[in-house]
Amino acid sequence: MAIAVSSMDDRTLEETLRSMGITLTLHEARRVAELLGRDPTETELTLFDTMWSEHCSYKSSRPALKRHLPTEASNVVLGPSEDAGVIHFTEVDGVRWALAIAHESHNHPSQVMPLEGAATGIGGVVRDVYCMGADVIATLDPLRFGDPHGENGERSREIAREVVEGIAVYGNALGVPNLGGDVVFDGCYDDNCLVNVVAIGLVREDRITRSRVPEAARTEPYDFLLVGKPTDWSGMGGAAFASADLDAEALKENLGSVQVPDPFLKRMLVLANQAMLEVAWREKAAIGFKDLGAGGIACVSSELADAGGFGIELDLDEASLAEGDLPAPVAACSETQERFGIACPARLTPQILRIYNEVYELGSMYEGAGARKVGRVVPPKEDEEPRYLLRRGAQVLVDAPISTITEGISYEREARPAVVHFSERALPAQGRDFAADLLDLLASEHLCSRRPLFQHYDSEVKADTVLRPGEADAGVVTPVEGSWAGMAATVDGNHRLCRIDPYLGAAHAVVEAARNVACVGASPAAITDCLNYGNPEVPEVFHAFVEGVRGIGDACRGLGRIEAPDEALPVVSGNVSFYNQNARGKAIAPSPIICCLGVTPDASTCRSLSLKEEGNLLYRLGAFHGELGGSLWAEWVDPQWVGPLPPLDYAAIRRELALVVALVRERKVQAVHDVSEGGNLVALAEMALGRESRGRWGLRVDFSPLWKEDADAPSAAGATDGGTGGGKRALSPEAVAWGEDGGFWLEVRPTDAAELERRAEEAGVWCARLGEVSSGRKMVVEGLPTPVEIDLDGLAARRERGIFELLRRDVS
């Protein structure tokens, strides 16, 4: 039945749309009728509601993404147009291997139902990678939760507990190693937690599957198959839900918008999918393969067909439905989990159906699960636009030009910078105890050990993990059998920086991620981004978004690729998550999160961050300026203080990255750690403590050369103007201890010290020898206004207790 959109007055139309659960604006609903040339059916309105949501259409973000992000490079096999980006990895015995990567968010569902929301977030992102014909080899999970000590502290802690459990339950059951992530707590996430998820897969380049109907469908008949669970109510309206503000009522009303995970069925589906792909490869048949995410059957079928330039006809009576009387909009658009769509040659349909229904007997694992032929691909006729036809028996539910459905709409949003005032007062640093601050920071929710979280996850399930979460600044695996080629991955993002300067803060996230993979000897090869912001209709929010995208793009071009200096570091996949804002208008801080993939030819050379041997020397590498704006310590001592962020010198950073990668690969350094949250003192403490806070060695360093004008000059080379080095300017001891300018700490054998200094000078990279690894379990830092001499066993106990005390349930 048609909905009389064109003849209703505004009030009646508004009431009608809301009663149907449709979030389209009045203008958008009338635009649908205009494009169709008639009033739409309820199913058509539901379909357009999904396809025109921010989640699916990128209607506010697409122009900025296209304008600013570099997506091409010589190592890119497939860019952001597919379900996952694909880059070249390595060649072994004449076979070229590639890495597929997808980066998604499941923020709103995880705030409403944390365990299910996080689990289905993992489930969705791994499907994106499986659809490329890849085997998933790793996941990562950058997480953001509310203030655990604030007004909503107990709720924030409960959400954190359940999100971690959801990720573990799904990922461990699926048999995919978790390579890392990060966890941030801040009051801006009280009403909008962020659950971002990354999946990485391995695929032969000659066996990559596309998320589109292949060209072969022009010369032979192709069917559309629906595989997996039967369609039910779960996840209905999920895309629209993810494109709206959250409030208390929304939490209650949208429980049904959260999908229900089933990792064990997914595991069986993965095996069946592999068997299906083997049939296609053996028969030399091209297929289209896509997961059912936002918008369900209608969206996946329209996107598959339109991407290849085809039309498609489907009959919902042929689909497996959990309930026979399931309403048509639900049957067409529900986001039920664990489903895939396949466009395959009709000649292979019987074999493929047999794989799912008889060989793997999906129906025995879940009632109604299996594979069904639900439609056929329609090659376009000359001078006719491909159409999308969705029926339920004789009833036509959707009939429209397919491009009308998939092209979406676009908005030119107003952008206005937020006013940021730098503080005129100085930070209250006088009289502060450096050792006490270090102890407190490392025991706090910001820097305490994440080991209790990592222990929920299986990081070694495939037996090819070289560096586990927490052992280094990036996780490393060797996924190709018989090869030491290593893939490194890390995630980064700092909301404190972006809150002050959204452009520079986003650029810092790219640089920090690149530094992390360099620490293990991997060359940064590509990045993905998950862009988490508030309501794009608010000019200040949209300005922060555009500036963040611009910062990411400029950083990618500024850093380039070590192997191809004239190419930008490519952005190959990503996601935009808007409306991370409550009904009172309180938005999260701008939170772009970057995943960086790195590649090393020999993972046996990778180094962890923990100290290795007494008597080895400690070098600080990389010039720094000593700005404290956006630093954790500055917020710790004065949450209201605002200062400028550290500047970025891309040319200098490129030289530093190349030098560190070369030194690690040549085994000239024994441990490497970058300087980030907490600055130099925290970086050194983390090296001494190691992954499980059980490091064997202490350290002794002297910071005097970094800030005292009358100190002896350190062994230095190639300092940039304004930074610490040969032409150093006076810095405050607080800036030297806590500044988050970046750079590296290296542990070097005495026999390699001269070569390190020589190569740094030749490369124009500043470095200084500041200390050595010691035998006692003490961390001693000289040259600061107050002494730092810390018992590492006591520090370890406090740091390990932090997360346990934070997330334990109150059973009193």
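A: Asn196 has a relative accessible area of 0% and is therefore buried (buried means under 20% relative accessible area, exposed over 50%, partly exposed in between, with a 1.4 Å probe and protein chains only). This is a predicted model, in which local features need pLDDT of at least 70 and side-chain atom pairs count only at pLDDT 80 or more, while totals for chains, interfaces and linings use all residues. Residues are numbered from 1 along each chain as its sequence is written, and side-chain values use heavy atoms, with hydrogens and water left out.

Asn196 is placed in strand 6 (residues 194–204); helices (H or I, at least four residues) and strands (E, at least two) are DSSP runs, numbered from the N terminus. The side chain of Asn196 makes a polar contact of 2.9 Å with that of Asn532. Such a contact is a pair of N or O atoms within 3.5 Å; within protein, one must be able to donate a hydrogen and the other to accept it, and residues adjacent in sequence count only if both atoms are side-chain atoms. Neighbours within four places in sequence aside, the residues in contact with Asn196 include His103, Glu104, Asp141, Cys530, Asn532 and Ile593, where contact means heavy atoms within 4.5 Å.

Now the rings. Rings of Phe, Tyr and Trp (its six-membered ring) pair if their centres lie within 6.5 Å; planes under 30 degrees apart count as stacked, over 60 as edge-to-face and the rest as tilted. Ten aromatic pairs are counted by this rule. One of them is edge-to-face because the ring planes of Phe48 and Trp52 stand at 75°, with centres 5.2 Å apart. Phe48 counts as buried at 1% relative accessibility, and Trp52 counts as buried at 1% as well. The rings of Phe145 and Phe185 have planes at 40° and centres 5.9 Å apart, so this pair is tilted. It links distant parts of the chain, as Phe145 is in strand 4 (residues 135–145) and Phe185 in strand 5 (residues 178–185), 40 residues apart. Phe145 is buried at 2% relative accessibility, and Phe185 is buried at 2%. Elsewhere, ring pairs join Tyr533, Phe542, Phe545 and Phe578 into a cluster.

Charges also sit over rings, a term that requires NZ of Lys or CZ of Arg within 6 Å of the ring centre and within 35 degrees of the ring normal. Arg218 lies over the face of Phe310, 4.5 Å from the ring centre. Arg413 lies over the face of Tyr411, at 4.4 Å from the ring centre.
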